[in-house]
2 protein chains.
Amino acid sequence: MRTILIRGGWVLPLSEGGKPLQDGMVKITGNKIATVGPWREPVKETEPYEVIDARNRLVMPGLVNTHTHAAMVLLRGVADDLPLMTWLKEKIWPLEDRLTAEHIYWGTRLAINEMLLSGTTTFADMYFFEEEARAVEETGIRAVLSRGLIGLEEQAEKNLEEAVTQAREWRGRAGNRITVMLGPHAPYTCPPAFLKEVVAAAKQYQLGIHIHLAETADELVEIGKEYGKRPVAYLAEQGLFTRPVLAAHAVWLDDGEISYLARQKVAIAHNPSSNMKLASGIAPVPKLLAAKIPVGLGTDGAASNNRLDIFTEMRTAALLHKVQTNDPTVIPAETALKMATIYGARALGLGDVTGSLEPGKSADLIMLDLKKSHLTPLHDPVSLVVYAARGSDVSDVMANGEWLVREGRLVRWEEEEVLGEATRCAQSLVKK
Amino acid sequence: MRTILIRGGWVLPLSEGGKPLQDGMVKITGNKIATVGPWREPVKETEPYEVIDARNRLVMPGLVNTHTHAAMVLLRGVADDLPLMTWLKEKIWPLEDRLTAEHIYWGTRLAINEMLLSGTTTFADMYFFEEEARAVEETGIRAVLSRGLIGLEEQAEKNLEEAVTQAREWRGRAGNRITVMLGPHAPYTCPPAFLKEVVAAAKQYQLGIHIHLAETADELVEIGKEYGKRPVAYLAEQGLFTRPVLAAHAVWLDDGEISYLARQKVAIAHNPSSNMKLASGIAPVPKLLAAKIPVGLGTDGAASNNRLDIFTEMRTAALLHKVQTNDPTVIPAETALKMATIYGARALGLGDVTGSLEPGKSADLIMLDLKKSHLTPLHDPVSLVVYAARGSDVSDVMANGEWLVREGRLVRWEEEEVLGEATRCAQSLVKK
């Protein structure tokens, strides 16, 4: 089996108790991390090995984007600065109705370009399925895919059946890089009977559930008017929390709900940029973390961000909750970095697979080029990553033991080709 | 005189009523902008000219950073996630006491690297003076410099005298790239008699004043306890607003104070990242803009940001005030972009010199490389710049008619040399 020794530079393991290492080393055997520790020249290896010189680099786990709608990159900048319902009903939904399989495929390829080039090696998606799965399989990134299911639609049952079939077909494919969840869209788009069917299917096929939860104050009003209760109670009543649940947003929670979700082992995808841009509100992240809920970071779709860059979300999360709580010690750099990596991996049920540099885990890692003015001086590598670094500082990306980005360039395909196809798709989509 | 025709690509003039131009052109003669309009091949020019192909680029005014402490980049990441007073008194001030002329010079050079490479062509500084002025003169960037004056210090009068001497010596130097203000630090560090002296000197030598104002809630308490009034009233009483004033932060203002500052023609530097990171609060920017106050964007020092990147501040300002006011239409992309350019220039008294692409203005402009995954597709160039672009997308920077960055690289000096010197300075500074 192939062995690679990455010679740091700084290495941030982000494992339990794993402190940043100066002059560290990561040894990769096959597609797994073998050891992480201080650099030492191998005395004798029984197998041939390759040494990667990363002495001017910082090596850390690949980032985890716990909530997005990948192909929405085609709608980046198509509608901004609008009230949520105008944005959704007059702009986004009519355009989404026109999405073809080709749009979705090239949109997802574009999104994967952007995510890889800014250091994301795992993403959780709720959108379409077949073409996204194909793009994931072809590119080498890791993904947790779920087809978005609107329970109000006529063909909702059929869509659920298809989603189950797709889930059974695709789970574990692409060398285990693809995992699957069911994706009932939100409390306000899924009536009780439909949610119960989703839960039954999830139970039968041992699937987790990815759902939007308590994103806006309007949602509370809508669910309250319809059912006389709040979204968490509504979902609980349909049995949702008997399954592993990844809840996106979770902005409007009270303290009792936070404790309840913690007891139910619900995971949360926090999307600070999207919540700010749509003026949805500010999720109670410090309380969620205090309740030991796994909180990952998400970009949401590019129509409401307008980036798929987890570096941006890390920094934004760290800053937003400080000013929100009037306390500059809240979400220190290390916590933000963990949300972007190991907490995110746990939120996706992949805590044993990715999110930290530890022996036995998949070799999902990134390197940052430190020889830059805005990354100088280096007093504290964790602070540097969270507060000063940008997605564009990522020089190299390895997913599942394979180099996908080297020296800032995609390895396996031409970025230009994807830009051309995606531009063509986006133009055909918005043209009258 | 040398003539350059930049052939866009998108051109964002940001002049009054100047809409984005596709296939636009900027003509530069000497160090001034001659024309801005649609591209057309010159039929005959009496002078020789050079055509720059920017068809895959976006051309826009250079960004304006209205508040920083440049040499503080040496303290980037040295202390984060701490309460303001611990941060300041236990970490920053003791380190600043050890700053030598060499530290300040190389720190400023490093800051200028970072600002130029992320598209800033003008910055307003309050810190040290002589070495910063020298760095500005040598590098080609434009700056509004003010020596920070602590009125409580024993040598305060002497420092003010020196500041006046330096102002008289340096104003208008470096081909008018350097302008000077007086920099009394803040209401809580400057007693009434000292402020009155500053105002008298500013009047005598026709200088503006750069001051921190109402940054934290603590400042209101402190000034209230000492003088029985709020910071705005305290400064008004010392006659400060009889001079042009650039007030940094202006977080804690009531509606009456906003109207009053508008009537006094005070300009404000809004520093969203720093205010969030230090948990200072959220400035009432939508109200300031509604009152027609010129509001520019600032990074503050790198110890509380930890970047000097106006792209970050643009996006952060646009997002922060949406969630703060619960209104996604607040600070739309165009407003954020104007804060980063023309409003910033006006806030510094340079509205006739820089901040937009208009005939007669100095040729201060930047180009963004659009051939990137995260900048695709291009549905709206203004949205793209504010929400999707990063400082690292800046490919070319011209200040005062001179190319300082080409194809992402500094033209006139080696980035590496500055990194080496600045790292050495930073290490000597923090070493016990």
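Reply: What follows describes the contact between the chains, then one residue of chain B. The model is a predicted one.

The contact draws on 54 residues of chain A and 55 residues of chain B. On the side of chain A that touches chain B, the elements giving two or more residues are α2 (101-117), α10 (272-277), α12 (310-325), α15 (381-388) and α16 (415-430) of chain A. The largest share of that side, seven residues, is supplied by α16(A). Sorted by class, the side of chain A that touches chain B holds 26 nonpolar, 15 polar and 13 charged residues.

As for symmetry, chain A is superposed on chain B by a rotation of 180° with 0.0 Å of shift along the axis, at an RMSD of 0.0 Å. This is the relation of a two-fold axis. Both copies use the same surface, since 100% of the contact residues of chain A recur in chain B. Among the residues of chain A, A:Ser392 comes closest to the rotation axis, with its C-alpha at 3.3 Å.

Turning to chain B, B:Val382 belongs to helix α15 (residues 381-388) of that chain. B:Val382 counts as buried because it has 23 C-beta neighbours inside 10 Å, where 20 or more are required. Leaving aside residues up to four places away in sequence, B:Val382 touches B:Leu12, B:Pro20, B:Ala333, B:Glu334 and B:Leu337. Between B:Val382 and B:Leu365 there are 16 Å in space, C-alpha to C-alpha, and the two are 17 residues apart in sequence.

Definitions and conventions. Residues numbered from 1 in each chain as written. Chains lettered and ligands numbered in written order. Predicted model: local features only at pLDDT ≥ 70, side-chain atom pairs only at ≥ 80, totals over all residues. Contact = placed C-beta atoms within 7 Å. Helix = DSSP H or I, 4+ residues; strand = E, 2+ residues; numbered from the N terminus. Nonpolar A, V, L, I, M, F, W, Y, C, P; charged D, E, K, R; others polar. Least-squares fit on C-alpha atoms with pLDDT ≥ 70 in both. Buried ≥ 20, exposed ≤ 12 C-beta atoms within 10 Å, placed from the backbone.
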